[in-house]
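Open the model in your viewer and keep the selection panel at hand. Each stop below says what to select next and what is there.

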Amino acid sequence: TGAVGLYNLGQSCCLNSLLQVFLMNIHFTGILRRITVPLCAMQRRMNVPYQMLLLLEKMQRGKCKAVHPTELACCLSAHRVELFVQHDAAQLFLRLWNLIKKQMKKLELVEELSDLYTICIEEHLACENCSFEIKSNSRMLTLPLPVLDSNSHRLKSLEDCLQYFFHPEELSGQNMCFCQQCGRKTPFLQSMKLVHLPQTLTIHLKRFCFEKSSNTHKLHHYLPFPQDLDFNRILTENQCQADDNEKASWQYGLFAVVAHSGSTSCGHYCAYIQSLTECKWYCFNDSEVCQVSWDDVKCTYGHASLHWGETAYLLIYMKKHPQ
């Protein structure tokens, strides 16, 4: 089944959860299996993609319930990924992905990896006094969705979070921008339009809230997310900058949830992943792996009064009908 656990090396639950999400993704492992193997032993020890491939083969070849990711952890440590500390899953995902991309030698694999994960968005800044407009393209690996609106009101669903993320915002008062055409600071309308969505879409629910006092607290409130996600039903025409062929592939099914339990200072990660070969859900909790139901996954929606309960932090969706 591929449902093999990873032993905790000491506060490595975040790393273990992300590794399971990477290695259970057959689109990612299809790229990983085609990497160029480094020539000398030192290069192999320092190469993150190669060490991930060795770990994958170790997991598939062994008959144990779990394996030790020690060699990969040492490799990551050599690249300044700290061990034995608490990590933020969204930040560690970006660091892992960039290390993998940087160390892939074949250009076609780098392009495939980028295509597999990269989201393309067009940002618009328009002066409200004249026709002056600035457009720029952004590429990102995660959609960082706020779970509160600008008035600190709770957003009620993942669909609400997406609509809020792409909703135009007026920049006025102290936030006004300089307009080259008007020759002074004027109110601007800032908006984002979706251009392209990848095969593997990673959504980051911003549940860790930074306060003015520099303290961080976690938002635990109930926030449901669907098994099936169709962006054509969520976003308006004005929020999209894509042709019909691109939009036709914007239908997704949930593949994985990286969930966090506990507080910002003392927490634990695990991953709920649907096997793409069996269509069964598994919970990967370090060395413990068990089959679960969709109702178990829904327990990560969150609950305002359960401050130590599990809440979804990263949602990974897969395209249902890739182009």
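Which residue forms a salt bridge with Asp295? Select Lys298: the closest N and O atoms of Asp295 and Lys298 are 3.5 Å apart. A salt bridge here is a side-chain nitrogen of Lys or Arg within 4 Å of a carboxyl oxygen of Asp or Glu.

This is a predicted model, in which local features need pLDDT of at least 70 and side-chain atom pairs count only at pLDDT 80 or more, while totals for chains, interfaces and linings use all residues. Residues are numbered from 1 along each chain as its sequence is written, and side-chain values use heavy atoms, with hydrogens and water left out.

**Stop 1: helix H11**

Stay with the pair. Asp295 and Lys298 both sit in helix H11 (residues 294-298), three residues apart, about one turn of the helix. Helices (H or I, at least four residues) and strands (E, at least two) are DSSP runs, numbered from the N terminus. An α-helix has 3.6 residues a turn, so residues three or four places apart point the same way. Lys298 is partly exposed, at a relative accessible area of 32%. The classes are buried (under 20% relative accessible area), exposed (over 50%) and partly exposed (in between), with a 1.4 Å probe and protein chains only.

**Stop 2: further salt bridges**

The salt-bridge count comes to seven. Select Arg34 and Glu112, whose side chains meet in one of them (2.6 Å, N to O). Arg34 lies in the loop between H2 and helix H3 (41-46) and Glu112 in helix H7, so the pair ties together parts 78 residues apart in sequence. Arg34 is partly exposed at 36% relative accessibility. Glu112 is partly exposed too, at 30%.

Next, select Asp230 and Arg233. Their closest N and O atoms are 3.9 Å apart, again a salt bridge. Arg233 counts as exposed, at 75% relative accessibility.

**Stop 3: two domains**

Colour domain 1 (1-118) and domain 2 (139-170 + 198-322). These bounds come from an automatic or database domain assignment. Their centres, taken over C-alpha atoms, are 22 Å apart. Each domain puts 35 residues into the contact, which means heavy atoms within 4.5 Å.

The area buried between the domains is about 2800 Å², and carbon and sulfur atoms give 66% of it. Buried area is the accessible area (1.4 Å probe) that two parts lose on being put together, summed over both. In domain 1, select Val21, Met24 and Thr118: they lose the most area to domain 2, together 19% of what that side buries.

How many salt bridges are counted between domain 1 and domain 2? The count is one. Show Lys65 and Glu288, whose side chains meet in a salt bridge (2.6 Å, N to O).

**Stop 4: helix H1**

The elements giving two or more residues to the side of domain 1 that touches domain 2 include strand S1 (5-6), helix H1 (13-23) and helix H6 (89-102). H1 gives the most, with seven residues. Is H1 mostly covered or uncovered? H1 is mostly covered, with eleven of its eleven residues buried. Among them are Cys13, Leu18 and Phe22.

**Stop 5: Gln274**

Finish in strand S15 (residues 267-274), where Gln274 is found. Its C-alpha atom is 9.5 Å from that of Asn25, 249 residues away along the chain. Leaving aside neighbours within four places in sequence, Gln274 is in contact with Leu254, Phe255, Cys279, Lys280 and Trp281.
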